[in-house]
Amino acid sequence: MIFATGTACGAAADPVPAAIEKVPVATWTPDPIAVRANELGLVPILMYHQVTPSPVGEYDQTPEKFRAELERLYRENYRPVTAGDYICGHIDIPAGTHPVVLTFDDSTITQLRFTEDAEVVPDTAIGILEEFGARNPDFRPTATFYVNNEPFAGDGHALPWLAAHGYEIGAHTASHANLGRLDSIGVQRELVENLRAIVTAAPGNRVRTMALPLGIFPADRVLATAGSWDGTNYAFEAVLLVGAEPAPSPFGQLDPAGVPRIRSGKSEVDFASAYWLDRLDQHPDQRYTSDGNPNKISAPKLLADELNPRWRGQFNPY
């Protein structure tokens with residue numbers, strides 16, 4: 001059994017990635033020059049943990065701060081995409097807007113839990129995202145949740161709910177293991193057991209990416225991306241790190257085996273989300289700006305050398 005395939009987002013034999021070929025396009029899209037499109041720019045992948053009124057760890061934050069960060073992202077024309085869409089180059093957002101990937105580690109009940117009536121609790125991360133999306137219909141509430149086994153305090157409704165409501169589920173090992181302390185068999189067992197638990201809870205869900213617990217690689221780094229245990233193979237299209245900078249464009253010089261994220265938490269540690277959002281706001285030419293056409297990759301000609309050759313057929317320099 002193979003849980004995920006890590007080549008060209010499932011199109012191993014296709015030199016032109018299918019994710020960008022088959023997206024329906026509006027009959028008219030703006031001139032890339034007019035919107036200052038730069039689809040070779042940087043993409044913030046934000047990393048969250050607990051969303052709680054009483055933050056403890058440096059990665060935790062209050063519901064109020066999370067709401068404020070969403071407001072800022074919306075005000076500065078960011079629009080959410082999943083980690084899977086990012087790594088596949090399937091960034092279908094309006095012209096002039098910028099992709100942002102919201103990621104949540106550890107699958108805690110501060111991220112998602114339900115009332116006795118099976119409604120999402122409002123002050124959880126999902127509750128806040130859903131309410132924000134309802135108020136701002138052009139800000140699709142989506143994110144990628146990196147879960148361990150028995151996620152969200154073992155609530156069996158959680159993973160099916162995420163999958164059914166447009167959220168992505170990623171791997172984070174079975175027990176939140178420090179992979180650097182395990183032998184090769186232990187590393188592969190942690191990932192396969194995690195994938196089995198996810199697929200059992202949410203049949204048909206495809207786990208495309210994984211996030212390293214604690215940001216620590218195994219001794220054999222290849223095993224973070226692909227391996228096999230107990231008759232089950234796995235391969236991820238991307239491995240996400242803990243910090244501490246924006247990610248390259250998926251069409252540029254990206255290493256899928258080590259994709260950086262930006263930390264967001266209760267305290268403004270060095271190079272956290274406020275720092276990077278400020279910097280991208282001050283240097284808008286450095287961030288990814290969509291041309292509104294998911295079948296083209298528009299960017300200034302002077303950035304042509306940054307393009308990954310596999311995307312040459314879709315490049316639209318100006």
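Predicted model: local features only at pLDDT ≥ 70, side-chain atom pairs only at ≥ 80, totals over all residues.

User: Let's pick Leu162. What does Leu162 touch?

Analyst: Leaving out residues up to four places away in sequence, Leu162 touches Leu112, Ile126, Phe145, Phe152, Tyr167 and Ile169.

User: Ok, on to rings. How many aromatic pairs are there?

Analyst: The structure holds 17 aromatic pairs. One of them joins Phe66 and Phe104: the ring centres are 5.8 Å apart and the planes stand at 90 degrees, so this pair is edge-to-face. It links distant parts of the chain, with Phe66 in helix H2 and Phe104 in strand S3, 38 residues apart.

User: Are those two buried or exposed?

Analyst: Phe66 counts as buried because its relative accessibility is 0%. Phe104 is buried too, also at 0%.

User: And how is the pair of Phe251 and Tyr288 arranged?

Analyst: That aromatic pair is tilted, at 6.4 Å centre to centre with 40 degrees between the planes. Phe251 sits in the loop between strands S9 and S10, and Tyr288 in the loop between helix H9 and strand S11, so the pair ties together parts that are 37 residues apart in sequence. Phe251 is buried at 1% relative accessibility, and Tyr288 is buried with a relative accessible area of 1%.

User: Which rings link into a cluster?

Analyst: Ring pairs link Tyr48, Phe66, Phe104, Phe114, Phe145, Phe152, Trp161 and Tyr167. On another ring, Phe217, Arg221 lies over the face, 4.1 Å from the ring centre.

User: Switching to strands. Which way do S4 and S5 pair?

Analyst: S4 (residues 144-147) and S5 pair in the parallel sense, over four bridges. Thr144 stands opposite Glu168 in S5.

User: Is S5 covered on one face or both?

Analyst: Both faces of S5 (residues 168-171) are covered. Glu168 and Gly170 are buried on one side, and Ile169 and Ala171 are buried on the other.

User: Now helices. What do the buried residues of H4 pack against?

Analyst: They pack against H2, S3, S4 and helix H6. The buried residues of H4 (residues 125-135) are Ala125, Ile126, Gly127, Ile128, Leu129, Phe132 and Gly133.

User: How far does H7 reach?

Analyst: H7 has 18 residues and reaches 26 Å from its first C-alpha to its last, close to the 26 Å expected. Its buried residues include Val187, Leu191, Asn194 and Ile198.

User: Why does Asn194 count as buried?

Analyst: Asn194 has 0% relative accessibility, and buried means under 20%, so it qualifies.

User: Last one: what does Asn194 touch?

Analyst: Not counting residues up to four places away in sequence, Asn194 touches Val147, Asn148, Asn149, Ala171, His172, Thr173 and Ala174.

Conventions:
Residues numbered from 1 in each chain as written. Heavy atoms only, no water. Contact = heavy atoms within 4.5 Å. Buried < 20%, exposed > 50% of the residue type's maximum accessible area, 1.4 Å probe, protein only. Helix = DSSP H or I, 4+ residues; strand = E, 2+ residues; numbered from the N terminus. Pairing = 2+ DSSP bridges. Phe/Tyr/Trp six-rings, centres within 6.5 Å; stacked < 30°, edge-to-face > 60°. Lys NZ or Arg CZ within 6 Å of the ring centre and 35° of its normal. Expected span 1.5 Å × (residues − 1).
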